[in-house]
Amino acid sequence: MNPAGNNNEPFGDPDGHVPVGSIPTAELPTAELPTAELPKAVLEARLAAQRSRAEYLELLAEANRRRCTRDTIHRSQAIWLADSMRVSKATAGQHLDQALLVFVEFPELGAAYRAGVFADAHLGLFTRLWNRSGFRDVFARDLDLLVGFTQQPWPICRELFAAWETRAWETLADPVDPNEYAARAHARRGFVYGNGLDHVVLGELTTTSGFWAQIEPVLRAKVGELFETDWADARARVGVDACGDDLLRSDAQRWHDALVIVIRQGAGVGDPGT
């Protein structure tokens, strides 16, 4: 019996011998998939895997609620999980923290995770912030904002989480009236750019979260349109076996072109030319 039972026996051979060669293998029909369909298949498989992990976390939270390890030799659910999975206690504790966060404290967060709104890396950020001393009230207050951060590219998402954490510390150290905080954010607005020999570098735009919440969906929708246009162009040039390397624009270039289109449309300036 495996460690889920009460005899605490390890998985596999007691001597630690795992006959890997005798494990049945299943071949996926990847060779039959057209190249153009592989990216979609990869994303669908990742989402299916995340749904399975969400189920694992939900079951773990329920097992913790029922104190399923009270009749075993283990002192806690995390220690039982560490022994059962042969991982460190820190890893098992992290899994349990994630399960309790998204299926006990914030079930709506668990639903979003199961639906693929955000990924495991984002769940790690949520859990770390939730466990910070004194953060729980501001975390609950800003949950929708934090989930919105996960829709940004990963480097930007990490910066937004870091900025939020800094602000949370400042709020704890020196509580500020929400209206005063909004006024401070408005006062910090700014735009920095520099001229090169044959180009302009837009270095930094600092704006309020309210304004960005209005403009970001417009930009993201335009990026999506350009992505579909680029794929259609690639298939026209290469055929059904077109892949990501055949796209003529990078993701960063599509965001640039989307910004140009939105600005030019707003200013009423001719054909964007993208």
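Visitor: How close do the axes of H2 and H3 come, and at what angle do they cross?

Guide: They come within 8 Å and cross at roughly 120 degrees. That makes H2 oblique to H3. Angles under 35 degrees count as roughly parallel, over 145 as roughly antiparallel, 65 to 115 as roughly perpendicular and the rest as oblique. Axes here are lines fitted to C-alpha atoms, for helices over the stretch in contact, with angles from 0 to 180 degrees between N-to-C directions.

Visitor: And what should I know about the model itself?

Guide: It's a predicted model, where local features need pLDDT of at least 70 and side-chain atom pairs count only at pLDDT 80 or more, while totals for chains, interfaces and linings use all residues. Numbering starts from 1 along each chain as its sequence is written, and side-chain values use heavy atoms, leaving out hydrogens and water.

Visitor: Back to the pair. Which residues make the contact between H2 and H3?

Guide: From H2 you have Gln 77, Ala 78, Leu 81, Ala 82 and Met 85, and from H3 Lys 89, Ala 92, Gly 93, His 95 and Leu 96. Contact means heavy atoms within 4.5 Å.

Visitor: How do H1 and H2 pack?

Guide: At about 135 degrees, with axes 11 Å apart, so H1 and H2 are oblique to each other. Tyr 56, Leu 60, Ala 63 and Asn 64 of H1 meet Gln 77, Leu 81 and Met 85 of H2. By class that contact has 5 nonpolar, 2 polar and no charged residues. Ala, Val, Leu, Ile, Met, Phe, Trp, Tyr, Cys and Pro count as nonpolar, Asp, Glu, Lys and Arg as charged, and the others, Gly among them, as polar.

Visitor: What about H3 and H4, what angle and axis distance there?

Guide: About 110 degrees, with the axes 5 Å apart, which means H3 is roughly perpendicular to H4. Leu 101, Val 102, Phe 103, Val 104 and Glu 105 of H3 touch Pro 107, Leu 109, Gly 110 and Arg 114 of H4.

Visitor: Okay, zooming out. How many helices and strands in the chain?

Guide: 11 helices and 2 strands. Helices (H or I, at least four residues) and strands (E, at least two) are DSSP runs, numbered from the N terminus.

Visitor: How many residues are in the largest nonpolar core?

Guide: 35, and those with the most contacts inside it are Leu 101, Leu 109, Phe 126, Phe 139, Leu 146, Phe 161 and Trp 164. A nonpolar core is a set of buried Ala, Val, Leu, Ile, Met, Phe, Trp, Tyr and Cys residues joined through side-chain atoms within 4.5 Å. H3 gives the largest share, 6 residues.

Visitor: What does Trp 164 touch?

Guide: Leu 129, Phe 135, Val 138, Phe 139, Asp 142, Leu 145, Leu 146 and Phe 149, not counting residues up to four places away in sequence.

Visitor: Which residues of H5 are buried?

Guide: His 122, Leu 123, Leu 125, Phe 126, Thr 127, Leu 129 and Trp 130. Their cover includes H1, H3, H4, H6, H7 and H8. Buried means under 20% relative accessible area, exposed over 50%, partly exposed in between (1.4 Å probe, protein chains only).

Visitor: Last one: is Glu 216 buried or exposed?

Guide: Buried, with a relative accessible area of 11%. Glu 216 is in helix H10, residues 209–238, and touches Gln 152 and Trp 255, not counting residues up to four places away in sequence.
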